[in-house]
Amino acid sequence: MTDLKEMGKRAVAAKYMLQTLSDDDKNKALTAAADGLLADAEAILGANKEDMQAGQENGMHEGLLDRLRLTMTRIEAMALGLRQVAELPDPVGKILEEWRRPNGLRLRKVSVPLGVAGIIYESRPNVTADAFALCFKAGNAVILKGGSDAIRSNMAIAASLRKSLEQNHMPQDAVQLIASTDRETTAAFMKCREYIDVLIPRGSAGLIRATVENSTIPIIETGTGNCHIFIDETANLTDAVNIVVNAKTQRIGVCNACESLVIHEKIADTFLPALKEGLARVHEVEIRGDERIRRILPDVTPALEEDYGKEYLDYVLSAVIVKNVQEAIAHINRYSTHHSEAIITQEESHARLFTRDIDSACVYVNASTRFTDGFEFGFGAEIGISTQKLHARGPMGLPQLTTYKYIVEGNGQVR
């Protein structure tokens, strides 16, 4: 089994070194790491090819293969993410609040790094670079635990990052990757509270549930994405079709893809045939609907109760018809994973009601749920999409990888 204790000790040593770095030091290291990824692209793509072959031989689903696949374009995007993080303001050392007490004490609330972050993730090798970039910029060391599906890709990316750090006289142990992929190591990693300050799981509902139930380390829960789009009675139907087609088919293996459709009864007869035609131009999508949906589209698969709460990660879409915006909100709040929901409407009062009452991290008006992404929000890369309410929510960028401490200055006060 991997010596997690030794890795933890090295990460703790690295975190104290990282906390001494200037913003300029961190930015130069991130830029060098971006250059390193491009220089090592051939080795990274070769490792990913082996992972892809293994995945195909093991019957991996198309959506998961898409998550696993690396191309030169995706490596360039990873490098761009590192550069964008370098260009962002340093989140460390900011005075969040300051005040003076009647006794003369001066108090400042100052942002500081979390310390050592542990990341557990599946089938997405780009997370290796993204997690490193954000943690490093925020002054945190990171220990990464990827899945077996992407182990070769992850190791190649981590090796490139560590090489760049060493070449730029930075602590290599700012990023460490656990090479073992067995469950025993994962279970032990979840209990390394002595060394790890926060644990962030990214992946399937099963992984997240296992982490929540078994970790002794404080966690930030990144949830699965049963994302809904509500087509209001006043919706521009051309926009509605385009948005749903994009949200459902642009990439199926991502947490911000649309999985559930809610349709106002007054426009269902017009919208559903138009949607079916729009989807067919891109990719065949199986619609699973209630009885009212099937009256309009007879070839639709009957929906089961479980369909309305499911993250398919596939060319499948659940659909239901409702009477009004209030019923839509009730349905969504019941079945949502509290990730991202959208309303397509031209009625401002409906938009205000929807954005107020939907209990999700991101709520859209007349836009695709596919924008729930740190890069699209202007955060550079992201560490994940948090669906909990403490300590972060939504796309987690740099500020969410810091905490704070109080600095109290006096001139001899005693209590």
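Predicted model: local features only at pLDDT ≥ 70, side-chain atom pairs only at ≥ 80, totals over all residues.
**A walk through one chain**

R356 has a relative accessible area of 62%, so R356 counts as exposed. Residues are numbered from 1 along each chain as its sequence is written, and side-chain values use heavy atoms, with hydrogens and water left out.

Step back to the whole chain. It holds 14 helices and 16 strands. Both are DSSP runs, numbered from the N terminus: helices are H or I with at least four residues, strands are E with at least two. The C-alpha trace spans about 75 × 65 × 35 Å along its principal axes. What radius of gyration does the chain have? The value is 23 Å, and it agrees with the one near 22 Å that a compact globule of 415 residues would have. The radius is taken over C-alpha atoms, and the globule rule is 2.2 Å times the number of residues to the power 0.38.

Buried residues make up 54% of the 415 residues. The chain exposes about 18300 Å². Carbon and sulfur atoms supply 48% of that area. Such areas come from the Shrake-Rupley method with a 1.4 Å probe; for residues, only the protein chains shown count as cover.

Next come contacts (heavy atoms within 4.5 Å). Take those between residues at least 6 apart in sequence: 73% of them join residues at least 24 apart.

Then there is charge. The chain has 47 positive and 56 negative charges. Lys and Arg count as positive, Asp and Glu as negative; His and the chain ends are not counted.

Side chains of opposite charge can pair when their charged atoms come close. A salt bridge is a side-chain nitrogen of Lys or Arg within 4 Å of a carboxyl oxygen of Asp or Glu. How many salt bridges does a search of the whole structure find? It finds 31.

R356 returns here. Its side chain meets that of D357 in a salt bridge, 2.7 Å from N to O. D357 is partly exposed, at 30% relative accessible area. Another pair is E98 and R106, with the closest N and O atoms 3.2 Å apart. Both are partly exposed: E98 at 46%, R106 at 27%.

D173 lies in the loop between α7 (151–167) and β5 (175–177), while R162 sits in helix α7, so the pair ties together parts that are 11 residues apart in sequence. Is D173 buried or exposed? It counts as buried, at 16% relative accessibility. R162 is partly exposed, at 22%. The pair also belongs to a network of salt bridges that links E6, R10, R162 and D173.

Turn to the backbone. Most residues other than glycine have a negative phi, and most peptide bonds are trans. Which residues does a cis peptide bond join? They are L390 and H391, with omega at about 0 degrees. H391 lies in the loop between β14 (385–386) and β15 (394–395).

H338 is not a glycine, yet it has a positive phi of about 65 degrees. Its loop runs between α13 (325–335) and β12 (340–344). H338 is partly exposed, at 25% relative accessible area. N366, also not a glycine, has a positive phi of about 55 degrees. Find N366 in the loop between β13 (362–365) and β14. Its relative accessible area is 38%, so N366 is partly exposed.

Two last stops show distances across the fold. G81 sits in helix α5 (residues 72–87). It is buried, at 4% relative accessible area. G81 and N126 are 45 residues apart along the chain, and their C-alpha atoms are separated by 9.9 Å. Q413 lies in the segment after β16 (402–409). It is partly exposed, at 26%. Q413 and R74 are 339 residues apart along the chain, with 57 Å between their C-alpha atoms. Leaving aside its neighbours within four places in sequence, Q413 is in contact with N103, G104 and L105.

Definitions and conventions: Buried < 20%, exposed > 50% of the residue type's maximum accessible area, 1.4 Å probe, protein only. Charge placed at Lys NZ, Arg CZ, Asp CG, Glu CD.
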